[in-house]
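Hi,

Here's the structure I promised to pass on. Have a look at it first, then read my notes below.

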Amino acid sequence: MATVLVIGAGGVGSVAVHKMAMLSDIFTDVTLASRRLAPCAEIQKAVAKRTGKSINIAQLDADNVADTVALIDRVKPELVVNLALPYQDLAIMDACLETGTHYLDTANYEPRDEAKFEYHWQWAYQERFAEKGLMALLGSGFDPGVTNVFTAYIQKHLVADMRTLDILDCNGGDHGRAFATNFNPEINIREVTAPARHWAQGAWVETPALSHKQSFDFPEIGPRNMYLMYHEELESLSKHYPELQRARFWMTFGDAYLTHLEVLQNVGMTAIEPINYDGKEIVPLQFLKAVLPNPGDLGATTSGKTCIGNIVSGTHAGAPRTVYLYNICDHAACFAEVGSQAVSYTTGVPAMIGAALMLDGTWMKPGVFNLEQLDPDPFMSMLTAHGLPWQHIDLPHAPEFD
Ligand code: NDP
């Protein structure tokens, strides 16, 4: 029923267009555009081979609003699904406003020269989208994305009066390489090396990057070390659930990953300020990305599982309750289905689901939204139906992690 333009032919873009091709009742016409045409052509071939469906492709530099407007005018999509990098968010939102097109992304806008992880630039589009009768859905990946929907679902059905939230992101996978990131290395390393921040009693508490470590026994994976981090969904969740007294985000890292990262940081390779090398300006982190394995190529060798979920404590029907709601995803099963590892899969599937719920009218309404502002139930049903089943268990009490 709908024409969609997907921008970004990386790991996430590949999964999303595969899944759209598998749901062709909704996604009747899909165009994949990216900075280089070659990766689009590879994905086009892979989608045709796996699903028997054809998608269109186009070359686009989405930093250029006029070029994006011209492509939208040609393709005439109802919705633009932005799976390029966070740097492109505002330019693509501007092109959507100019052409009267709905918008979805999976990561908050980032200026190139400073790692911020803040929503205010995109929330500032609220009135302009609402006035034009357009919808922008922000952060429809896994985290942010599914973790926001999990929170809304827990509040609606399991812990009505929420007090504490811990989001736990574990990648128990092994890709067999000495050092690689699971998704775009530049964005990943910016995120990991930023100071940790969590929400406590109505204020942000900042601590040095990777300074708080806890061990947690993850279902189907086992004990792993996880570290307190800042993650963008904390900003929207603490805003939309002011009753939360504490909200934290934890991510697992192996010792080898952290040792490599420490060395790279110590020698200046993770810096985002440009340096002059031999008369040419280069950004060390962008150069590092160029020499690291492409996350999209790790799928074939990655085994193990991811487990991402929320632990929420509070009261329900007058009694104290702590619930752990999570998804487990198997890297090799994702690769067998769509040719990508679980990190791209767990982001690309929710991007497709958010798009489907906008296009079939279930979630569509004018304005700029984070996922927790919409009814979680249809999204939760689609997660189970499209490869990301979830479950929840009761825990005896809120996690002690300190
Ligand atoms: P990749 O780096 O694999 O893919 C990004 C794609 O965007 C590449 O094809 C790249 O092209 C393209 N691109 C970059 N700049 C432009 C531009 N100016 N115009 C058009 N295309 C461009 O990243 P991922 O697929 O891993 O991640 C995609 C997005 O998903 C990122 O924003 C990331 O932050 C987000 N993400 C969100 C998660 C979540 O759970 N919410 C988890 C993981 C990722 P080229 O290769 O030619 O540079």
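First, a term you'll need: a polar contact is a pair of N or O atoms within 3.5 Å, where, within protein, one atom must be able to donate a hydrogen and the other to accept it. With that rule, nine residue pairs are in polar contact between domain 1 and domain 2, counting pairs with both residues at pLDDT 80 or more. That pLDDT cut-off is there because this is a predicted model, so keep that in mind as you read on.

Where are the two domains? Domain 1 covers 2-138, while domain 2 is made of 146-340 + 389-395. Their centres, taken over C-alpha atoms, lie 24 Å apart.

Now for where they touch. On the domain 1 side, 24 residues are in contact with 18 residues of domain 2. The size of an interface is often given as the accessible area lost when the parts come together. Here the area buried between the two domains is about 1,800 Å², and carbon and sulfur atoms give 54% of that.

Which helix gives the most to the side of domain 1 that touches domain 2? That's helix 1 (residues 11-22), with six residues. Taken as a whole, that side of domain 1 has 11 nonpolar, five polar and eight charged residues.

Cheers

Notes. Residues numbered from 1 in each chain as written. Predicted model: local features only at pLDDT ≥ 70, side-chain atom pairs only at ≥ 80, totals over all residues. Heavy atoms only, no water. Domains from an automatic or database assignment. Contact = heavy atoms within 4.5 Å. Buried area = accessible area lost by both parts, 1.4 Å probe. Polar contact = N/O pair within 3.5 Å; in protein donor to acceptor, adjacent residues only side chain to side chain. Helix = DSSP H or I, 4+ residues; strand = E, 2+ residues; numbered from the N terminus. Nonpolar A, V, L, I, M, F, W, Y, C, P; charged D, E, K, R; others polar.
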